[in-house]
Amino acid sequence: MSNVISNKIKAGDLELKEKVVAINRVVKTTKGGRAFSFSALVVVGNEAGVVGHGLGKAKEVQEAITKGIEDAKKNLIKVPVMHGTIPHDQYVKDGAAKVLIKPAAAGTGVIAGGSMRAVLESAGITDVLAKSLGSANPHNVVKATIKALATLREPIAVSKVRNISLKKVFNG
């Protein structure tokens with residue numbers, strides 16, 4: 001898990017684009033009637049290898065989205081993106097959600113489900129094959145996708161650890 005923490009970054013001077021993944025209306029029944037509130041799951045990214053997710057809760061939808069964006073900016077990670085795709089296959093389980101992400105050839109596009117698509121596009125990945133196995137809950141799928149992207153290894157780091165050339169990492 002130490003790899004996940006090491007690639008966290010600050011939102012300071014990045015131009016981040018936000019995408020609302022899910023909005024949920026929550027009802028609390030009180031003696032005075034029903035009290036409505038909203039929760040918003042938001043993904044932010046600069047479409048160049050930086051992505052984060054956040055959850056905002058408020059009485060109004062717009063306020064919940066704003067809180068979600070602020071939370072997402074606190075949880076940014078760096079993702080290794082090479083030629084519009086990821087460096088290697090990745091399978092991650094987080095809670096009940098299982099996520100499988102595979103690199104794809106140029107021109108393939110983002111082949112992924114709704115909440116996974118938002119995360120992958122925000123990270124700047126343009127060609128990838130992805131499948132959500134298990135839970136369809138957007139919160140869990142987003143968390144699993146972020147975890148999968150955070151645990152991807154940089155090819156340059158792999159070549160240094162193995163003491164082999166970068167070409168051998170891909171062809172070997």
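Modeller: Before we trace a sheet, one term is needed: two strands are said to pair if DSSP finds at least two bridges between them. Please keep in mind throughout that this is a predicted model.

Let us begin with the open sheet of 4 strands whose order is 1-2-3-4 and whose pairing is antiparallel. Its edges are formed by strand 1 (17-30) and strand 4 (76-78), each of which pairs on one side only, and from one strand to the next the twist averages 15°. At one end of this order, strand 3 (residues 50-58) runs antiparallel to strand 4 and is joined to it by 3 bridges, with Gly 52 standing opposite Leu 76 of strand 4. Within the sheet, strand 2 (residues 33-45) holds Ser 39, and this residue counts as buried because its relative accessibility is 9%, while the cut-off for buried is under 20%. Once the neighbours within four places in sequence are set aside, Ser 39 is in contact with Ala 22, Ile 23, Asn 24, Leu 55, Gly 56 and Lys 57. Helix 2 (residues 61-73) lies across strand 1, strand 2, strand 3 and strand 4, and runs at about 140° to strand 3.

We can now turn to the other open sheet, in which 4 strands take the order 5-6-8-7 with mixed pairing. Here strand 5 (90-94) and strand 7 stand at the edges with a single partner strand each, so one side of each has no neighbour in the sheet. Helix 3 packs on this sheet, where it touches strand 6, strand 7 and strand 8, and its direction makes about 145° with that of strand 8.

Strand 6 (residues 97-103) and strand 8 (residues 128-134) pair in the antiparallel sense over 7 bridges, and Pro 103 stands opposite Val 128 in strand 8. Strand 7 (residues 110-111), by contrast, runs parallel to strand 8, to which 2 bridges join it; Val 110 stands opposite Val 128, and Ile 111 stands opposite Leu 129. Between these two strands in the unit comes helix 3 (residues 114-122), and strand 7, helix 3 and strand 8 together make a left-handed β-α-β unit.

Two packed helices are described by the angle between their axes and the distance between the axes. For helix 3 and helix 4 (residues 138-150), the axes come within 9 Å and cross at roughly 35°, and helix 3 passes helix 4 in a right-handed crossing. Helix 3 contributes Ser 115, Met 116, Val 119 and Leu 120 to the contact, and helix 4 contributes Pro 138, Val 141, Val 142, Thr 145, Ile 146 and Leu 149. Of the residues in this contact, 8 are nonpolar, 2 are polar and none is charged.

Taking the chain as a whole, 40% of its 172 residues count as buried, and its C-alpha atoms fill a box of roughly 70 × 35 × 30 Å along the principal axes.

Technical notes
Residues are numbered from 1 along each chain as its sequence is written. This is a predicted model: local features need pLDDT of at least 70, side-chain atom pairs count only at pLDDT 80 or more; totals for chains, interfaces and linings use all residues. Side-chain values use heavy atoms; hydrogens and water are left out. A crossover is right-handed if, with the strands pointing away from the viewer, the path from the first strand over the helix to the second runs clockwise. Contact means heavy atoms within 4.5 Å. Axes are lines fitted to C-alpha atoms, for helices over the stretch in contact, and angles run from 0 to 180 degrees between N-to-C directions. A crossing is left-handed if the near helix is turned anticlockwise from the far one by less than a right angle, and right-handed if clockwise. Ala, Val, Leu, Ile, Met, Phe, Trp, Tyr, Cys and Pro count as nonpolar, Asp, Glu, Lys and Arg as charged, and the others, Gly among them, as polar. Buried means under 20% relative accessible area, exposed over 50%, partly exposed in between (1.4 Å probe, protein chains only).
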